Amino acid sequence: MNNIYLLGLIAIIISFLITPLVRKLACKFSVVSIPKDNRRIHNKTMPLMGGLAIYISFIMCIILKRGPISKGEMGILIGASIIVFYGILDDKFELKPLQKLSFQILATCVLMFFGLKIN
């Protein structure tokens, strides 16, 4: 399946279907935002980890596409996995800025290793 528009539609549908499951998972593991100061925009407890649903739909679409996974796609998958992993850790434990930066640098190094560039 190489039609980018069809894959995009499938990603939207998968994200839409998976989001309620991710919300339940976030609540089960107490990965929630509790309004405890003025920095929070919500008035009530909100589940986090919404990026996980988008990540899962992205992974599924990479698997559904035709042909082998390219070197660039592999780099994006590994880099995205690092970002999602640190995002979940940050949602659960509120990591320090330097810890966040170290994960972002690691993900960037993975992309560079796989030869990805922004033109």
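**A buried methionine and its surroundings**

M49 is buried, with a relative accessible area of 8%; buried means under 20% relative accessible area, exposed means over 50%, and partly exposed lies in between, with a 1.4 Å probe and protein chains only. The model is a predicted one, in which local features need pLDDT of at least 70 and side-chain atom pairs count only at pLDDT 80 or more, while totals for chains, interfaces and linings use all residues. Residues are numbered from 1 along each chain as its sequence is written, and side-chain values use heavy atoms, with hydrogens and water left out.

M49 is found in the loop between strand 2 and helix 2 (50–64). Its phi is near 75°, a positive value in a residue other than glycine. E94 also has a positive phi, of about 50°, although it is not a glycine. The place of E94 is in the loop between helix 3 and helix 4, and at 49% relative accessibility E94 counts as partly exposed.

Helices (H or I, at least four residues) and strands (E, at least two) are DSSP runs, numbered from the N terminus. Read from the N terminus on, the elements follow the order α-β-β-α-α-α. The C-alpha atoms fill a box of roughly 50 × 35 × 25 Å, taken along the principal axes. Of the 119 residues in the protein chain, 28% are buried. Among contacts in the protein chain with a separation of 6 or more, 56% join residues 24 or more positions apart, where contact means heavy atoms within 4.5 Å.

S15 is buried, with a relative accessible area of 15%. Not counting residues up to four places away in sequence, S15 touches A53, I54 and S57.

The cysteines can be taken next. A disulfide is a pair of cysteine sulfur atoms within 2.5 Å, and by this rule the count comes to zero. C27 is partly exposed, with a relative accessible area of 46%, whereas C61 counts as buried at 8% relative accessibility.

How many aromatic pairs does the structure hold? There are three aromatic pairs. Rings of Phe, Tyr and Trp (its six-membered ring) pair if their centres lie within 6.5 Å; planes under 30 degrees apart count as stacked, over 60 as edge-to-face and the rest as tilted. Y86 and F103 form a stacked pair, 5.7 Å centre to centre with 10° between the planes. Y86 lies in helix 3 and F103 in helix 4 (residues 97–113), so the pair ties together parts that are 17 residues apart in sequence. Y86 is buried, with a relative accessible area of 11%, while F103 is partly exposed at 21%. F113 and F114 form an edge-to-face pair, 5.4 Å centre to centre with 85° between the planes. F113 counts as exposed at 66% relative accessibility, but F114 is buried at 18%.

Ring pairs also link F85, Y86 and F103 into a cluster. F85 has its place in helix 3 and is partly exposed, with a relative accessible area of 49%. The C-alpha atoms of F85 and P20, 65 residues apart along the chain, are separated by 19 Å.

The last topic is the largest pocket. On a 1 Å grid over the protein atoms alone, a pocket is an open set of points with protein on both sides within 12 Å along at least five of seven lines, and a cavity is a set where a 1.4 Å probe fits but cannot get out; lining residues have an atom within 4 Å of a point. Grid points are joined across faces, edges and corners, and a volume is the space filled by probe spheres set on the points. About 410 Å³ of space lies in the largest pocket. Its lining has 18 residues, of which S33, R40, L48, D91 and E94 lie nearest the centre. The elements that give two or more residues to this lining are strand 1 (32–33), strand 2 (46–47) and helix 3 (71–93). Helix 3 gives the most, with three residues. The lining residues divide into seven nonpolar, three polar and eight charged. Here Ala, Val, Leu, Ile, Met, Phe, Trp, Tyr, Cys and Pro count as nonpolar, Asp, Glu, Lys and Arg as charged, and the others, Gly among them, as polar.
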